[in-house]
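Please look over the sequence and the structure below before reading on.

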Amino acid sequence: MNHLARPPILCLLGPTASGKTAAALALAEHAPIEIISVDSALVYRGMDIGTAKPSAEERERVPHHLIDIIDPADAYSAAQFRDDALRLIDEIVARGRHPVLVGGTMLYYKALAEGLNSLPAANASVRARLDEQAAQLGWPALHARLAEVDAATALRLAPNDAQRIQRALEVFELSGKPLSAWLAQDRPAPGSTHRRFIPIALEPSVRSVLHERIAARFDAMLASGFVDEVAGLKQRGDLHPGLPSMRCVGYRQAWEYLNGETDYATFRDKGVFATRQLCKRQLTWLRSISERIVIDCVGSDVPAQVLAHARAHWRD
């Protein structure tokens with residue numbers, strides 16, 4: 001069966017605090033769906049408050065997948081996500097239900113819809129060495145080093161974007177080829193998926209409204225015990241700020257606060273600012289998806305609009 005003969009896969013994408021979860025849960029009241037999370041933070045067990053993870057009650061209302069699947073000490077890649085999502089899509093369809101992908105990790109969506117470049121696999125020893133160098137010199141110094149070998153990638157990364165700077169340097173060290181050159185190569189066509197993906201993007205017509213939501217949500221996380229959550233993770237002894245899990249927005253800032261590097265007010269402001277920067281990056285990714293359907297996430301009747309588009313495409 002070719003991809004046009006199969007029901008299209010709805011993908012509800014958007015920046016943080018855009019209302020993706022609420023819209024998906026509303027959709028579940030009208031259609032037999034199962035949600036596949038497209039979120040690189042929700043995969044981690046024990047990281048609930050700071051990731052705004054769907055509650056137990058919400059997850060009882062509709063099946064959720066790719067949440068709480070790995071320990072924070074481990075890593076999860078876009079390639080793993082693609083494999084897991086494709087398997088889950090087939091399983092859900094076989095149950096006679098609609099898979100709906102929901103989240104804001106745009107790299108995961110791109111990997112699923114467009115395929116992946118055959119980048120070198122992660123190398124623990126290279127990463128450990130880069131972490132040690134960053135601890136001594138600072139990430140801006142490593143960013144400057146990246147600019148010497150891969151100016152195109154350095155140009156699009158902030159000097160303190162530790163995770164991406166590390167990956168770009170790792171790829172260059174392992175292959176001798178800049179990450180930008182790898183990404184410029186043609187991606188393998190996702191034809192083996194035999195699926196058509198319909199991206200519905202929740203984007204704000206007034207970004208300041210989304211910024212207000214982000215601040216309010218971060219404050220609500222603090223009131224719900226976010227700092228205690230990070231303190232518990234820190235006390236494990238096997239986690240550190242260099243791990244992908246602890247680089248998640250909010251967690252890195254909380255770790256600094258618990259280390260005494262900042263005061264509480266500064267931590268709070270840095271957490272809100274980092275979340276806004278994440279939102280900005282997510283919107284930039286979204287706007288590169290030319291075929292997306294845009295719904296104003298600060299407008300009215302967002303769930304109703306999502307439902308209308310879902311019904312229209314499921315009838316195709």
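What follows is a guided reading of this model, which is predicted.

Seven of the seven residues of β5 are buried, so the strand is largely enclosed by the rest of the structure. In a regular strand, side chains alternate between the two faces of the sheet. In β5, Phe197, Pro199, Ala201 and Glu203 point one way, while Ile198, Ile200 and Leu202 point the other way.

The strand has partners that can be followed residue by residue. Strand β1, residues 9-13, pairs with β5 in the parallel sense over five bridges, and leucine 12 stands opposite isoleucine 200. Strand β6, residues 293-296, also runs parallel to β5 and is joined to β5 by four bridges, with isoleucine 293 as the bridge partner of isoleucine 200 in β6.

Beyond its neighbours within four places in sequence, alanine 201 is in contact with Leu13, Leu286, Arg292, Ile293, Val294 and Ile295.

Turning to the helices, the axes of α10 (residues 207-223) and α13 (residues 264-287) come within 10 Å and cross at roughly 135°, and the two helices are therefore oblique to each other. The crossing of α10 past α13 is right-handed. The residues of this contact divide into 10 nonpolar, three polar and six charged; among them are Leu210, Ile214 and Phe218 in α10 and Phe267, Val272 and Leu283 in α13.

Notes:
Residues numbered from 1 in each chain as written. Predicted model: local features only at pLDDT ≥ 70, side-chain atom pairs only at ≥ 80, totals over all residues. Heavy atoms only, no water. Contact = heavy atoms within 4.5 Å. Axes fitted to C-alpha atoms, helices over the stretch in contact; angles between N-to-C directions. Parallel < 35°, antiparallel > 145°, perpendicular 65-115°, else oblique. Left-handed = near helix turned anticlockwise from the far one by under 90°. Nonpolar A, V, L, I, M, F, W, Y, C, P; charged D, E, K, R; others polar. Buried < 20%, exposed > 50% of the residue type's maximum accessible area, 1.4 Å probe, protein only. Pairing = 2+ DSSP bridges.
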